[in-house]
Amino acid sequence: MTDSDRLTELATRRGFYFPAAGAYGGVAGFYTYGPQGAALKRNLESAWRDRFLTREGHMEVDGPTVMPEPVFEASGHLDGFDDMILECPECGASHRADHLVEDNTDIADAEALGTERVAQVIAEHDLDCPICGAVLAGESVAAFNLMFGTNIGPGSSAPGYLRPETAQAIFVEFPRLAEYARNQLPFGVGQIGKAYRNEISPRRGLVRVREFTQAELEHFVHPEGAPPDLSGVAEVSLSLYPIDDQEAATTEHVETTVSEALEDGVIGSPWVAYYLGIAKEWYERIGVDMDRFRFRQHLPGERAHYAVDCWDAEAELGSNWIEIAGFSTRGTYDLSRHAEHSGESMTVFEPYEEPRTTERPAVDPDMSYLGPEFGDRAPAVVEALEQRAASEPEAFDGEEIEIAIDGESHSIPVPITGFEIVEETISGEHVTPEVIEPSFGVDRVFATVFEHAFRRDSVEGEERTYLAFPPELAPTFVGVFPLMDKDGMDERAKEIADALRERGFAVEYDSSGSIGRRYRRQDEIGTPVCLTVDYESVEGDGSVTLRDRDSATQSRVPAGKGLDPLLDALTDLRAGRQTVAEIDAGLRSGAVAGSDEPIDSEAE
RNA sequence: GCGCCGGUGGUCUAGCGGUAGGACAAUGGCCUUCCAAGCCAUUAGCCCGGGUUCGAUUCCCGGCCGGCGCACCA
């Protein structure tokens, strides 16, 4: 059994995740997160929210997953997401029909032609299968759009789609969000939510699924605005895999820092560099193994239709490098498109530091004179006067001005033209912000944290498996056990479990079977600490034992009448402020009585 | 979507043209003063549909699901 099989088995058996609707044979590309998995996922999302929204001062929204067709016409997903599939009748290989046409004819944008026309073009040019050479003429071209379609309301008059990325639910609300941000750039809007892609071939568990959770931040910045403050991330080390190295087929990574990468031009955008730095530290915090982590620059050909430059965070999962986040500069693409398609303004008014004053000749003709005099030709007269004022203002210097209407010359008294030099003040301009987008695949981060936390070792000659989650993320935080289910130990353990739950901890109370079995159960789901109530706890000084998941060692800590020091210490552990060893030491230094020596498990 | 391989209690697996056995887990009980211990009992299974057959979990076909390879991954 490989580690990969063990992980899948563990995920299923212990309630992390498993294929959805198994009772009906299952459906590819959909997973249910079980009790442990749902908690782990929620904790991951909280950690993301904390780092990328709360600590950055960004806001969070929650948009619908279904939106009407025009949204996706504007976003480009309706066209750009459409694959034209053509299957070779001989060898069975699937080809992108539009790519075949583009590669073999001088047609540049085959996708715009539609499936039937592309099939005709293939027949007209006698194109062959690039793999086996079979004739492809006459084969049908099928459209495959990766978006799930639906109808909004009864009938089919209002087609809608499940969003293929959460981002669009932010872009379409830009006018209100900008107003909410009091029209001040830069500002960031994040969203954690489901997105859907009808993948041709879902694979590898959580890695490629049809319904998934994204955590996306859209950071709207002024195109000529100040770069981010890099002081907090300048020295963060990065493991980079830039385009040049990929093309040179090197598998070495460039080990550098945020500031060096920017100086050397390896990373072009200071915003992308900033988020790479933040993300690197965040991945470390949530337990991603940095020896199995890198940032890879997108090759020119693989950029999305909106991306200007893009880096992916990648993690090694089961010996494959998997994209777990993308850092793009989306430019003004999305907002411009939505402005164009919706007719709404998607800009922010940016005042100049100093209002700019310009002088301009203008006319304000007296229509009570021009109307009666020129009848329906009056508007033409006004237009002629306006043009003349702009092109030859000195012509208004005299008593009268000559203008030509339909080849006829007319003399107009200058006073009725209302000519004057007006002063205009422009205080700013409407700016379409550029978008910096860190986009995280929550399920893939989940898979990475899960796999990278997986450990096997042996305790007293017995093999065990455990998940070394950071305490912050652990779906179950503390196990509470009575050494035996009698003599008051059970009551005391329940009291302690209740007190822990009141503090908001996820507690597993377990009184069944041997103590060793209970520890192993918690190891398997990655519970960082277990607390055991024994005879000393109920008949001695009230102390309990605290058992560390990773080292499988125990120590005795005070837990008499005042539980607060213990609860505070565990709160610190949860928040990552202290390790188990540190809280042991801290609590025992304040112990009043009883053994403060760690129990030596070998000596038992 | 194509090709190859696979699908037996919760999990891992044995096996067979006459409807299944084990291990682990789980539950209850006994025992037990800290690392998957012991004893007793209990719960629980042949992916779905069709065909061949007296009879199919077993053989054949199709589907679904999974792994791997190809393609795809905006």
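Predicted model: local features only at pLDDT ≥ 70, side-chain atom pairs only at ≥ 80, totals over all residues.
Local features need pLDDT of at least 70 and side-chain atom pairs pLDDT 80 or more, while totals for chains, interfaces and linings use all residues. Residues are numbered from 1 along each chain as its sequence is written, and chains are lettered from A, with ligands numbered from 1, in the order in which they are written.

Q: Why is chain A described as more spread out than a compact globule?
A: The globule rule is 2.2 Å times the number of residues to the power 0.38, and the radius of gyration is taken over C-alpha atoms. For 604 residues the rule gives 25 Å, so chain A is more spread out than a compact globule, its radius of gyration being 34 Å.

Q: Which strands stand at the edges of the open sheet of nine strands?
A: Strands (DSSP E runs of at least two residues, numbered from the N terminus) pair if DSSP finds at least two bridges between them. The order is 3-10-11-21-16-15-14-12-13, with mixed pairing. Each edge strand has a single partner, so one side is left without a neighbour in the sheet; these are strand 3 and strand 13.

Q: Which residues of helix 18 are buried?
A: Helices are DSSP runs of H or I with at least four residues. A residue is buried if 20 or more other C-beta atoms, placed from the backbone, lie within 10 Å of its own. In helix 18 (residues 515–525), the buried residues are Arg-518, Tyr-519, Gln-522, Asp-523 and Ile-525.

Q: Which residue takes a positive phi just after helix 18?
A: The phi is about 80 degrees. The residue just after helix 18 with this value is Gly-526.

Key: Buried ≥ 20, exposed ≤ 12 C-beta atoms within 10 Å, placed from the backbone.
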